[in-house]
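Q: I have a structure here that is new to me. Can we go through its aromatic side chains?

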Amino acid sequence: MDIYQELIMEHARNPRNAGRIKGVRAIRAKNPFCGDEAEIYLKTNNTPHGWRIADIKYEIQGCILSKAAMSIFSEHIKGKSTREVAKIKDEDIFKMVGGMPSPSRQNCATFGFEAFKLALPKEGI
Amino acid sequence: MALDSKKIRKDFPILSRKINGRSLVYLDNAATTQKPKAILEKLKKHYEQSHANVHRGVYALAEEATSEFEGARKKIADFVGAKSPNEIIFTRNATEAVNLVAYSLAKKLKKGDRILTAVSEHHSNFVPWLRLAKESGLKLDIVKLTPTRDFNIRDFKSKLTRKTKLVAVAHVSNVSGYIYPVQKIAREAHKAGALVLVDGAQSAGHMPVDVKKIDCDFFAFSAHKMGGPSGAGALYGKKEILEKLEPFLSGGEMVREVSTKDASWNDAPWKFEAGTPNIEGAILWGEAIDYLKKIGMKNIERHEKELLKYALGKLKNLSFINLHGMTGSINRTSIISFNTKGVHPHDAATLLDRYGICVRAGHHCAQPFMRELGVPATLRASLWLYNTRREIDILISALRKVHRELA
Ligand SMILES: Cc1ncc(COP(=O)(O)O)c(C=O)c1O
């Protein structure tokens, strides 16, 4: 996969859902491979249909792939039930970003997802 | 004498391969170096002619293998200026050499004793001390950097106390390439009654090394960073100190006599070498040393210095390159860490790879150092005897393209 394909470049230049959510505690994550850092702001709602991702925002300091993957992932999960997003696997992330990066860059694609998992509350899953 | 690059490059078969359709430009020598074909030929010869376990058999083949293995120990001892081959303990790598000292010394240290290291150290010469301090109730003191990210000798002196039992510092930083004043550090440390460990992973193979002159008590280094194979490393230790230290691992080879109740230890260095050692690793390392000696360590040092100056001159002219103040070429080997403004190091390294250029992007196993620089990661180009000005030019022109494309 070419990491610097149009989809990735576009998301990296115009990240969706970037920023913070007032009144929500940030969950911090660090990518042990490269030292990149992210803060996730996650809001979940208990609806008649179960817990849902009401809103997600983030701040990320990372490479193009990690930024783009975070952006794509945040769009993907917004509004979904927590039960549904708890089933997401690394392979799904690779599909979202348009393919499997080379081994040394896979952790860039999944970093946002890993950070998100830290923020996802356990109730309702 | 100037190095004959053309001839030297022919000795390293990998340098003629293509990466992504381009000639390989290998600038990650601080991570590991490429191998001269002399060691390939040596391996073939060893396996075809002289292989057996060492120290055990009384038959001719075992004696031959033992003599090759112990001969390698002698070559390595001479290479770093040890008084005797018995001051060289074979390990897997520099990391294991540092750990050997940490474990063996742990038994001699007591609560409240202090260890002094630097914030710029590779994790290999930092984490073992962090751990030892935590587990044995010792205090870890950490030397700061100067504004140009060099070793802060004043801070070092102020943190050296009577309680300091060990000073552990790099000979050459794997991030800045700066050569630390280890001779001076050792002199001060000894005055305070501390032992001195020098992490020589980045100096051996790049400059002449003389442990007697440095007067360090320990010197840790790896074969794979100087043209030898991976899986082989060594700890130099002063004879009288090795004699007093307890063994690290236990098992065969490191013992003299074993009963059902007790065991006594072999002499140094063998008491620190439990089990069958990396026989061919040591022998190939010896061969790599022969190769380097033929070229001459002084010549290699001079070649690297010239390339360093050339590369720094070019990089300083690029407005989008941040050298983090590490712009000097005095007391420095050819390691250059930098950031490309507006481009993450991983993106830069991935794009450079398209031009066949191998550079490292990351924290270089020196996270405390990265924190000092205020970045999570840097790019790092590190050179060796086979690199050329032409390769620096290729790097510079590729960096311009990367910056244009991504920043
Ligand atoms: C300064 C320094 N110390 C120690 C090491 C560890 O070497 P090894 O991985 O061979 O044990 C390295 C390797 O990168 C290094 O650069």
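Q: Is B:Phe151 buried or exposed?
A: In this predicted model, B:Phe151 has a relative accessible area of 5%. That is under 20%, so B:Phe151 counts as buried.

Q: And B:Phe156, buried or exposed?
A: B:Phe156 is buried, with a relative accessible area of 0%.

Q: What about the rings of B:Phe151 and B:Tyr180?
A: Their centres are 5.1 Å apart and their planes are at 40°, so that pair is tilted.

Q: Where do those two sit in the chain?
A: The pair links distant parts of the chain, 29 residues apart. B:Phe151 is in the loop between strand 6 (139–143) and helix 6 (153–159) of chain B. B:Tyr180 is in the loop between strand 7 (164–170) and helix 7 (182–191) of chain B.

Q: B:Tyr180, buried or exposed?
A: Buried: the relative accessible area of B:Tyr180 is 2%.

Q: New topic. Which residues do ring pairs link into a cluster?
A: The cluster consists of B:Phe69, B:Phe90, B:Phe219, B:Phe221 and B:Trp285.

Q: What sits over the ring of B:Tyr178?
A: The charged end of B:Arg332 does, 5.3 Å from the ring's centre.

Terms used. Residues are numbered from 1 along each chain as its sequence is written. Chains are lettered from A and ligands numbered from 1 in the order in which they are written. This is a predicted model: local features need pLDDT of at least 70, side-chain atom pairs count only at pLDDT 80 or more; totals for chains, interfaces and linings use all residues. Side-chain values use heavy atoms; hydrogens and water are left out. Buried means under 20% relative accessible area, exposed over 50%, partly exposed in between (1.4 Å probe, protein chains only). Rings of Phe, Tyr and Trp (its six-membered ring) pair if their centres lie within 6.5 Å; planes under 30 degrees apart count as stacked, over 60 as edge-to-face and the rest as tilted. Helices (H or I, at least four residues) and strands (E, at least two) are DSSP runs, numbered from the N terminus. A charge sits over a ring if NZ of Lys or CZ of Arg is within 6 Å of the ring centre and within 35 degrees of the ring normal.
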